[in-house]
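This report goes through a two-chain model, element by element. Please keep the sequence and the structure in view while reading.

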Amino acid sequence: MVEAENLSIRYGPHLILRDIDFAAEAGCVSVIAGPNGSGKTTLLKALCGDLSYAGTIRLNGRNIRGLKPYQMAARRGVLAQETTLSFPFTVAEVVRIGMSALAARPDDRAFRDRRVSEALAAVDLPGFAGRFYQELSGGERQRVQLARVLCQIWEPVDEDGPRWLFLDEPVSSLDIRHQIGVMELAADYARRGGGVIAVMHDLNLTAMFADQVTLLSGGTVVAAGTPDRVMTDAALSTTFGCRLRVGVRPSNDLFVLPHSMMAHSATS
Amino acid sequence: MLQRIAQRQAATAYPPALQGDRSARARFALVVLAVTLVLTMALALQVGAFDAPTLRILMAWAGLDDGQGLAAVDRIVILSIRLPRVIMGAMVGAALAVSGAVMQGLFRNPLADPGIVGVSAGASLGAVAIIVLGGTVLAPYAELTGANALPFAAFLGGLASTYILYSIATRERRTSVATMLLAGIALGAFALAMTGLLIFVADDLQLRQISFWSLGSLAGATWEKVVSVIPIILPALAASAYLARGLNALAFGEAAAVHMGIPLQTVKNTAIFAIAAATGAAVAVSGGIGFVGIIVPHVLRLLIGPDHRYLLPASALLGAVFLLLADCVSRTIVPPAELPIGIVTAAIGAPFFLWILLRRRGIIDL
């Protein structure tokens, strides 16, 4: 379980998160949603241990203030919105570096090579191992980075408990096929016992894949719970400041339909 | 272009288990470089204005030859003049190349080099300070450090400038290349000004010492000098071995490196220490020798890739080879005089640096 209690974060004079509570269970895909500037990424960064904060954050019951980087790295992997790479590594080298800093690094070379291939297959990039990272498109790079993160926390559960996948807008640079592919990969990680916390902009993908949604606005939690409770016409329209309709598909899944703001003002 | 050639070679010349894995090729390169270094050292012992039966003298030295018929003067030339010079050249070359590679890893930029961003100037300031003030203001320090006073002062000067530079160039966990280069220029100019001030107050004997030292030559190599820099160069090379994984992760940015489990502050501090120690030691014994730290890691990245586990040891080996060859050129090109070796490395290095800059135009973001 990942929990935050009374979490506050400020950048200079600005209070980005105000005294919020947050919880995510292993075995679930937990999505953090909200408009630009609502504090989504800040919350995820705080959970990663990147920021100084007031309050308490616990990872599998342990206060993260007391955890060393290698201890955190053994329990959670982080996919940032964007990762720049300063030297000409190949895709295979990038993915393998995901394993290299771990205290419990697999020693067997053939085993590591196999895991790199498996991770690349998992993000639908088989045959990319020999390519240079800097020659890839934005979406391909993002998936290579996801493969690197997967290598770091390959088994969703081990003797010390669940592992966690922290994703910051994981699908923002991907085409729709790979958006679904990456979300299915995350859902599968959760189904096998791991935890997934994802910052998402796409409300339809959120409705499809999230088990839990936390809706942020202005640095506070507006609503938290299952998608069918949180994602209502009123809550979404108020939070995002535009008219949104939530519908139910025959399969009982939700979908979100945006309405033109101009049409809205013309008819009302 | 070169990258594509390297890529094609990676795919054909040494087929690795996993495509895109250049580690087998890198290990092979390490073996080749080690052999090359031994051959280059042998060559450097043999080359010079004076012909001597080098092999027999070395064997006699090692107790493998009875030494009959060997002239004492040959022995002195090889064992007391050329051998320390060759060992010193190898150590300095290794130190310069490794400090460049570590600095490029720390700043995440292939153009960072201690010579360009003022670290060498800081080290020189430390060295000149001990030459000028060692008898007066800094006398307690000079007594404390004894024979190591000069290299240690250069190390401290390099440490101070690296630390200041990194603090200025890094804000909010981001290292700005533009700030680094500009701050490096300012720091270097300040160190140069302070050095000038010290030269201004120096007496004639000290001036002679300073000008001999600052020529950038291995000509003054003695066993004492070799021994005096070993306690600084060896820890620097050892520290760089510890740094490899951290620098690999740091290529993804500071936040990502921490997410992968790297103890960022320790890695940074160790890197700063290694850069300062290696630069300080090299500057202390050989004055200003430029561009080795840029050329050597850059060529190696094209050949074996940027994985620091191989790049750092390979840089040490190729740096040693490069400097020994440059020293051979400087000793033989205008006989019987010697061209300062700094001229040779700069003549090769400066155009090379410009070539990297031009090739990267449009990618470099100042």
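How many residues does helix α15 of chain B have, and how far does α15(B) reach from its first C-alpha to its last? The model is a predicted one. In it, α15(B) covers residues 341-359, which is 19 residues, and reaches 27 Å between its first and last C-alpha atoms. That is close to the 27 Å expected at 1.5 Å a residue.

## Helix α15 of chain B

A bend of about 25° is found in α15(B) at B:A347. A proline, B:P351, follows within four residues of that position.

The buried residues of α15(B) are B:I341, B:G342, B:V344, B:T345, B:A346 and B:G349. They pack against two helices of chain B, α13 (292-304) and α14 (308-332).

## Helix α4 of chain B

Helix α4(B) has 36 residues. From first C-alpha to last it reaches 51 Å, close to the 52 Å expected at 1.5 Å a residue. Here too there is a bend, about 35° at B:R82, with the proline B:P84 following within four residues.

Is α4(B) largely enclosed by the rest of the structure, or largely open? Of its 36 residues, 26 are buried, so α4(B) is largely enclosed by the rest of the structure.

Most residues other than glycine have a negative phi. B:R108, which comes after α4(B), has a positive phi near 55°. B:R108 lies in the loop between α4 and α5 (119-133) of chain B. Because 21 C-beta neighbours lie inside 10 Å, B:R108 counts as buried.

In chain A, A:E169 is a residue other than glycine with a positive phi, near 45°. A:E169 sits in the loop that joins β9 (164-168) to α6 (176-191) of chain A. With 19 C-beta neighbours inside 10 Å, A:E169 counts as partly exposed; the cut-off for a buried residue is 20 or more.

## The largest nonpolar core

Which residues touch the most other members of the largest nonpolar core? They are A:A147, A:A186, B:A95, B:V98, B:A127, B:A236 and B:A281, out of 197 residues in the core. Helix α4(B), residues 72-107, gives the most to this core, with 18 residues.

Apart from neighbours within four places in sequence, B:A236 is in contact with B:A95, B:V98, B:A274, B:A277, B:A278 and B:A281.

## Where the chains touch

In the contact between the chains, 29 residues of chain B meet 32 residues of chain A. On the chain B side, the elements that give two or more residues are α1 (2-12), α10 (223-250) and α11 (254-259). The largest share comes from α11(B), with 4 residues. By residue type, the chain B side divides into 13 nonpolar, 10 polar and 6 charged.

## Chain A

Chain A has 10 helices and 14 strands. Its radius of gyration is 19 Å, close to the 18 Å that the globule rule gives for 268 residues, so chain A is as compact as a globular protein of that length. The C-alpha trace of chain A spans about 65 × 40 × 35 Å along its principal axes. Buried residues make up 45% of the 268 residues in chain A. Of the chain A contacts with a separation of 6 or more, 64% are between residues 24 or more positions apart.

## Chain B

The secondary structure of chain B comes to 15 helices and 2 strands. Of its 366 residues, 51% count as buried. Among chain B contacts between residues at least 6 apart in sequence, 79% join residues at least 24 apart.

Notes: Residues numbered from 1 in each chain as written. Chains lettered and ligands numbered in written order. Predicted model: local features only at pLDDT ≥ 70, side-chain atom pairs only at ≥ 80, totals over all residues. Core = buried A, V, L, I, M, F, W, Y, C linked by C-beta atoms within 7 Å. Buried ≥ 20, exposed ≤ 12 C-beta atoms within 10 Å, placed from the backbone. Contact = placed C-beta atoms within 7 Å. Nonpolar A, V, L, I, M, F, W, Y, C, P; charged D, E, K, R; others polar. Expected span 1.5 Å × (residues − 1). Bend = angle between axes of the 7 residues up to and from the residue. Rg over C-alpha atoms; globule rule 2.2 N^0.38 Å.
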